[in-house]
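Subject: Handover of a structure and notes on it

Dear colleague,

Please find the structure below, handed over for your reading. My notes on it follow directly after.

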Amino acid sequence: MTVFDLLIQYIKDGRIKLDKSKYADVPAAYHDPCNYGRKAQKMFGYGYFEEPRWILSQCTDNWTDLYPSTMNQLCCGGGGGALTTGYNDERILYGGRKIDQIKATGAQMIVVPCHSCHGQLNSIKAAYKMENLEIKYLWEMVADCMIL
Amino acid sequence: MSDVIKINDIDSSDCQRFDKWPFSQDFCVTCGLCSSTCPVSGIDNFDPRKLVRMISLGLEEQLVESRWPWICTMCAKCEKVCPMGIDIASLIRGVRSLRDRDKVPGILHKGLTAAMKTGNNLGLPQDDFVFIIEDVAEEIAEEPGFEGFTAPIDKKGANLLTTIHNKLVNTHTEDLKYWWRIFHAAQEDWTVPSDNWEGTNWGLFTGDDEAMKIMTGRIVENMEKLEIKTLLWPE
């Protein structure tokens with residue numbers, strides 16, 4: 001089962017409770033990983049676009065979409081194993097477009113449900129001197145907002 | 001990739017292997033939408049239209065040896081806009097698959113070779129893996145609200161089996177904790193296998209279908225062995 005279906009199940013069944021105030025002052029944006037979105041749509045006939053946004057909405061009201069998003073989302077530059085091929089200059093240059101897209105939203109936090117995107121976003125954040133940008137896994141956001 | 005190749009000099013017998021490819025590459029009308037949308041167009045003179053045309057023309061060796069298929073991230077923006085429905089990302093993965101395995105760039109094939117041999121990309125021995133899992137679990141148990149927390153390993157009949165991304169037992173052990181805290185709060189009956197726990201599948205990137213089947217099969221074997229019906233695959 002996907003990370004989204006499981007988190008939605010926990011939230012809807014009341015097995016975890018979330019506090020929306022924790023990150024209320026941090027403007028966030030959501031990034032669609034190619035493999036959960038555009039590529040899943042093509043390969044399996046279903047892309048996960050709505051589910052992560054619903055989960056994020058249970059954690060904070062202060063978030064926005066990047067532009068473009070969903071099926072037209074820009075790749076972070078870390079896909080296809082790019083973090084492991086050694087072609088780092090190309091990967092960082094590629095990620096410049098993602099940085100421009102993030103800057104345009106004014107987001108201080110990018111929420112993402114993918115290990116490759118997470119690694120690449122941290123890498124380009126450093127390369128483009130965006131020290132104050134926080135890169136957060138979607139499940140990290142959920143864990144942070146849990147009321148124990 | 002800057003040499004000029006004259007079309008009349010191309011030996012059509014070179015096209016035979018690509019002729020059989022199922023990616024509809026010969027439907028390309030050279031409209032250039034793919035090149036316009038591609039985030040990597042221009043880097044190293046790459047653009048997807050050129051690559052598709054080279055495949056139609058049978059310029060196999062040049063492509064297989066070039067960096068192009070590897071600096072592309074197979075994000076599939078090109079496919080999304082292609083009016084002819086060409087499977088460009090899959091096609092690029094196909095070109096990657098033709099590269100000699102010892103010439104696959106970076107650590108991709110080395111990691112995959114380690115995974116084939118040991119069950120994970122790091123070649124991490126089982127004892128070390130178990131030690132790391134237990135060590136991180138002990139750290140969580142010290143947090144308020146998580147008293148008594150443990151990470152169940154190889155628990156037969158658990159509700160949920162989860163795989164682990166190799167970087168989480170390497171340089172990013174803190175990142176193991178988010179899911180585990182959620183499992184604890186949700187009172188999930190979960191477990192992690194002590195062997196073949198690798199959640200990444202680098203055959204996806206190197207074009208190695210056989211390795212992908214083996215890696216996936218091992219996860220299924222773990223589910224059968226531990227009698228677990230549900231898999232969470234966060235990678």
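In chain B, 53% of the 235 residues are buried, where buried means under 20% relative accessible area, exposed means over 50% and partly exposed lies in between (1.4 Å probe, protein chains only). This is a predicted model, in which local features need pLDDT of at least 70 and side-chain atom pairs count only at pLDDT 80 or more, while totals for chains, interfaces and linings use all residues. Residues are numbered from 1 along each chain as its sequence is written, chains are lettered from A and ligands numbered from 1 in the order in which they are written, and side-chain values use heavy atoms, with hydrogens and water left out.

Chain B as a whole

The secondary structure of chain B consists of twelve helices and three strands; helices (H or I, at least four residues) and strands (E, at least two) are DSSP runs, numbered from the N terminus. Along the principal axes, its C-alpha atoms fill a box of roughly 75 × 35 × 30 Å. The radius of gyration of chain B is 22 Å, whereas a compact globule of 235 residues would have a value near 18 Å. That radius is taken over C-alpha atoms, and the globule rule is 2.2 Å times the number of residues to the power 0.38. Of the contacts in chain B between residues at least 6 apart in sequence, 76% join residues at least 24 apart, a contact being heavy atoms within 4.5 Å.

Individual residues of chain B

Most residues other than glycine have a negative phi, and most peptide bonds are trans. B:M74, in the loop between α5 (68-71) and α6 (77-81) of chain B, has a positive phi near 55 degrees. B:A76 lies in the loop between α5 and α6 of chain B, and its phi is also positive, near 75 degrees. B:M74 is buried at a relative accessible area of 5%, and B:A76 is buried at 4%.

B:N196 belongs to the loop between β2 (190-191) and α11 (203-206) of chain B. Its relative accessibility is 17%, so B:N196 counts as buried. Apart from neighbours within four places in sequence, B:N196 is in contact with B:G119, B:R218 and B:N222.

The sheet of chain A

In chain A, four strands form an open sheet in the order β2-β1-β3-β4, with parallel pairing; two strands pair if DSSP finds at least two bridges between them. The edge strands, each pairing on one side only, are β2 (63-65) and β4 (134-137) of chain A. From one strand to the next, the twist averages 30 degrees. Strand β3 (residues 109-112) of chain A is joined to β4(A) by four bridges, and A:V112 has A:Y137 in β4(A) as its bridge partner. In the loop between β2 and α4 of chain A is A:P68; the peptide bond from A:Y67 to A:P68 is cis, with omega near -5 degrees.

Helix packing in chain A

Which angle do helix α4 (residues 88-105) and helix α5 (residues 115-127) of chain A form where they pack? The angle is about 85 degrees, and the axes are 9 Å apart. Axes are lines fitted to C-alpha atoms, for helices over the stretch in contact, and angles run from 0 to 180 degrees between N-to-C directions. α4(A) and α5(A) are therefore roughly perpendicular to each other; angles under 35 degrees count as roughly parallel, over 145 as roughly antiparallel, 65 to 115 as roughly perpendicular and the rest as oblique.

With kind regards
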